Amino acid sequence: MTVALLGTGIMGAAMARNLLAQGIDLRAWNRTRAKAEAVGGLKVAGTPAEAVEGATVIITMLNDGEAVLRAMEQAAPGLREGQIWAQMSTVGLGPLDDLRALAERHGLVFVDAPVQGSRQPAERGELIVLASGPERAREPLEPVFDAVGKQTLWLGPAGTGSRLKLVTNTWALTLVSGVGEALALARALDVDPRAFRDVVGAGPMDSALFQQKAAAIMAGDFAPTFTVTNAEKDTRLICAAAASAGVRMDVMEATRERFRRAGRAGHAEEDMAAAYFAGFTS
């Protein structure tokens, strides 16, 4: 099996290392070539078309639906009928029709498979793969998904994975924003943040995500595992999907504004926990 990976950012690079560790023949392309070259042992292609030529499986792990569509259009000269395309980026619902149409034009087997998890789970190969697509793609994709994730959920027709991803991200982004907001209030009221963390940690409100983001904010460590910019993008995708379904997302709209303010205040490329700073900006 040969796998082509388009996108070696924070998530894609971690996935590439785990695929290589499992002995999978991997070629990759990234718009900024140096990011791909930083992954030891990786065969780096100069263009998307060069990366996908002859590949059994194509993975896209890019920032948004527009970037995925653009890369796959550039890959067109190297595509061949029957290749399996595992679209693993978080693209929301709007772009899915265009991506499916591209797959149909080129005879690709399209699998919608966004992942749940950020930098650390990706580095450990512990992502949760939310896969949806044709039954015939499952067996060829098994070693690929096993290399990058601890669990693969097959959910139904293509598109089901992206819908579930929007739901799970709604919860995660709400929690991250809430941690930052609570700690900003603790600072303003001269409350010891350690006391706040201890109270939450002693009862049913606790979670691993709460502990991670609270610790990051308290330590002032905003090294990105998932950036403010990407978090704001995901809130936009969630709100757009909800609007099309006739559901009001009051909390998510407010969360989106917090990420926007943090970005404008200079924290756009920091970890999403930096939404904490939105409490001190207008």
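**Burial, pairing and packing**

Student: Is D271 buried or exposed?
Tutor: The scale is relative accessible area: under 20% is buried, over 50% exposed and in between partly exposed (1.4 Å probe, protein chains only). D271 has a relative accessibility of 2%. D271 therefore counts as buried.

Student: What pLDDT do local features need in this model?
Tutor: Residues are numbered from 1 along each chain as its sequence is written, and side-chain values use heavy atoms, with hydrogens and water left out. The model is predicted: totals for chains, interfaces and linings use all residues, side-chain atom pairs count only at pLDDT 80 or more, and local features need pLDDT of at least 70.

Student: How many residues apart in sequence are the parts that K213 and D271 tie together?
Tutor: The side chains of K213 and D271 meet in a salt bridge, 2.9 Å from N to O; the term requires a side-chain nitrogen of Lys or Arg within 4 Å of a carboxyl oxygen of Asp or Glu. K213 is in helix α10 and D271 in the segment after α12 (250-267), so the parts they tie together are separated in sequence by 58 residues.

Student: Which residues of helix α5 are buried?
Tutor: Helices (H or I, at least four residues) and strands (E, at least two) are DSSP runs, numbered from the N terminus. D97, E104 and R105 are exposed on the other side of α5 (residues 96-106). The buried residues are L96, L99, L102 and A103.

Student: What is the relative direction of α9 and α10?
Tutor: Axes are lines fitted to C-alpha atoms, for helices over the stretch in contact (heavy atoms within 4.5 Å), and angles run from 0 to 180 degrees between N-to-C directions. Helices α9 (residues 193-201) and α10 (residues 208-219) have axes 11 Å apart, at an angle of about 175°. Under 35 degrees is roughly parallel, 65 to 115 roughly perpendicular, over 145 roughly antiparallel, and the rest oblique. α9 and α10 are therefore roughly antiparallel.
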